[in-house]
Every structure is written in C-alpha cells, then in structure tokens.
Amino acid sequence: MPSSLQLERFNPTTDATASAAIANGVNCPKQPQAPPSAAARRLVVPLPVSLSSADNAALLHAHAVGPNQCCSVVTQPIEAPVSAVWPVVRRFDNPQGYKNFVKSCHVIAGDGINVGAVREVRVVSGLPAESSTERLEILDDERHVISFSVVGGDHRLRNYRSVTTLHPNGNGNGTLVIESYVVDIPQGNTKEETCVFVDTIVRCNLQSLAQIAENVTRNSEQSS
C-alpha cells in the first residue's frame with residue numbers, strides 16, 4: 001500500500017521555498033529555460049549556443065520522453081577549471097559532497113564509482129521524499145559525463161534519469177555544467193509543477209557545486 005508521502009502532491013510554491021531554504025540559504029533564482037516540446041518522442045534539450053555540435057558529450061542530453069513524462073535542463077557556469085569540478089561530481093558514492101538535500105548515502109550493490117553500482121540516498125526533512133535508490137548508468141572520466149537513474153525508494157520521482165556533463169570554457173579556466181533529466185509526471189501534478197520542483201533542486205545542487213569548486217580553486221591559487 002502506498003505511503004501517505006508517496007500520495008502527497010507537489011506544491012510548486014511551498015516545496016520550492018523549502019528547497020531553497022534547505023540548501024543552506026543558497027539563493028536559487030529561476031534561470032530562463034526554453035520549454036521542451038511535449039509531443040517529442042526523443043527530445044534534445046536546449047543547450048547553450050557556445051557548445052559545438054561536435055561536442056559528443058552534449059549530445060547525451062537527448063532523452064526519450066514518454067507521453068506522461070517531462071524533461072528539462074539546468075546549466076551552471078563555474079569559475080573553476082574542469083579539473084576542480086569533476087572530482088566532486090564523479091563521486092557517485094558521495095553525493096552529499098555538494099547536494100545539500102542529501103542526508104546520507106550508502107552503496108548497496110557494486111563498486112561505488114563503477115557503472116552498475118547502486119546507492120541508497122536518504123534526503124533531509126522538508127521534501128516530499130525519504131529515500132531514493134539509484135543506479136550509476138554512465139561514468140566517463142575522459143569526457144566528464146555522469147548519469148544515474150532512480151530504480152526505487154520512497155518518493156514521487158518515478159523513472160527519473162539524469163545526465164550531467166562538464167564543458168571547459170574557451171580559455172580552460174572555467175566550466176559549464178549541464179544537467180538534464182527526464183521523469184514521470186506524478187498523478188495529480190502538471191508538467192510545469194514537476195519541472196519547477198525538480199529544477200529547483202537541481203539548480204541549488206549546481207550552485208552549491210559552484211561554490212565548492214570556486215573555493216577550492218581560490219584557496220589553491222592563494223597557497224601557490
């Protein structure tokens with residue numbers, strides 16, 4: 001029998017507010033995003049024009065989107081090189097390293113940083129969820145790509161899959177992080193409500209990542 005938590009409806013106002021407050025006071029302003037086409041069978045999310053069409057990693061942000069699913073993308077520029085950002089992002093076994101909504105994480109199957117590993121994540125209070133079981137689908141250290149899918153847990157984000165890629169800027173001193181996802185639209189919610197909720201969480205995670213990587217880079221420069 002489903003729990004009351006699973007039947008709880010997203011509230012696009014209170015949930016987004018709680019999400020921003022939980023993220024250690026990080027301000028999470030809404031970024032302008034082009035809405036994806038609901039009719040698309042395979043959707044390529046809108047990417048920055050600065051990325052070359054030959055960037056194979058960027059092409060991984062093409063998601064097969066079902067009739068009751070939504071898809072979105074969040075981008076985050078970081079004033080730190082990819083070499084400072086990737087070590088934090090690739091730690092599938094330690095998402096709490098930059099995701100403020102994660103309370104704890106335990107790898108329950110496989111190696112924590114190899115494809116096929118499964119982790120159980122516990123989230124902080126204030127979100128309409130308690131736990132999430134997630135499988136590592138892609139970990140590419142050469143192209144700086146990580147992808148995971150949600151395979152279980154006590155939450156409402158069914159069939160969630162995300163792809164995160166890192167792209168150096170022109171001079172190599174900065175990084176553009178792109179995170180896209182596809183997820184089922186929960187019963188009782190609209191596509192817009194679902195995207196607002198998930199976008200808020202992803203945006204706060206990436207802003208936290210930016211703060212961490214930029215601090216590491218700044219401290220390294222000061223000590224050198």
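Leaving aside neighbours within four places in sequence, which residues is L209 in contact with? I listed I78, V85, V88, V89, Y98 and V177. I note here that the model is predicted.

I then looked up the largest nonpolar core, which has 38 residues. I78, V85, Y160 and L209 touch the most other members. Helix 4 gives the largest share, 10 residues. I also found a second, separate core of five residues. Among them are V102, C105, V121 and A129.

**Rings.** How many aromatic pairs does the structure hold? I counted two. In the pair of F148 and Y160, the centres are 6.0 Å apart and the planes stand at 35°. That pair is tilted. F148 is in strand 7, and Y160 is in the loop between strand 7 and strand 8 (161–168). The two residues are 12 apart, and the pair links distant parts of the chain.

Why does F148 count as buried? I noted its relative accessibility of 10%, and buried means under 20%, so F148 qualifies. Y160 has a relative accessible area of 7%, so Y160 is buried too.

Is the pair of Y160 and Y181 stacked or edge-to-face? I read 5.6 Å between the centres and 20° between the planes. Planes under 30 degrees apart count as stacked, so this pair is stacked. Y181 lies in strand 9, 21 residues from Y160, and this pair also links distant parts of the chain. Y181 is buried, as is Y160. I logged F148, Y160 and Y181 as one aromatic cluster.

The charged end of R119 sits over the ring of F148, 4.9 Å from the ring centre.

**Helix 4 again.** I went back to this helix for S208. Is S208 buried or exposed? Its relative accessibility is 6%, which is under 20%, so I put S208 down as buried. Beyond residues up to four places away in sequence, S208 touches Y98 and N100. I also took the C-alpha to C-alpha distance from S208 to G97, which is 9.3 Å. In sequence those two are 111 residues apart.

**Strands.** I followed strand 5 (residues 118–123) on two sides of the pairing list. Strand 4 (residues 102–109) runs antiparallel to strand 5, and six bridges join them. I picked out H106, whose bridge partner in strand 5 is E120. Strand 5 and strand 6 also run antiparallel, with five bridges. Here R122 stands opposite S131 in strand 6.

**Confidence.** I noted an average pLDDT of 79 for the protein, with 73% of the residues at 70 or above. Which element has the lowest mean pLDDT, and which the highest? Helix 1 (residues 4–7) is lowest at 27, and helix 3 is highest at 96. Residues 1–10 are below 50, and this stretch has 29 contacts beyond near neighbours in sequence. Residues 12–41 stay under 50 as well, with 55 contacts beyond four places in sequence.

How values were computed. Residues numbered from 1 in each chain as written. Predicted model: local features only at pLDDT ≥ 70, side-chain atom pairs only at ≥ 80, totals over all residues. Heavy atoms only, no water. Core = buried A, V, L, I, M, F, W, Y, C linked by side-chain atoms within 4.5 Å. Buried < 20%, exposed > 50% of the residue type's maximum accessible area, 1.4 Å probe, protein only. Helix = DSSP H or I, 4+ residues; strand = E, 2+ residues; numbered from the N terminus. Contact = heavy atoms within 4.5 Å. pLDDT = per-residue confidence, 0-100. Phe/Tyr/Trp six-rings, centres within 6.5 Å; stacked < 30°, edge-to-face > 60°. Lys NZ or Arg CZ within 6 Å of the ring centre and 35° of its normal. Pairing = 2+ DSSP bridges.
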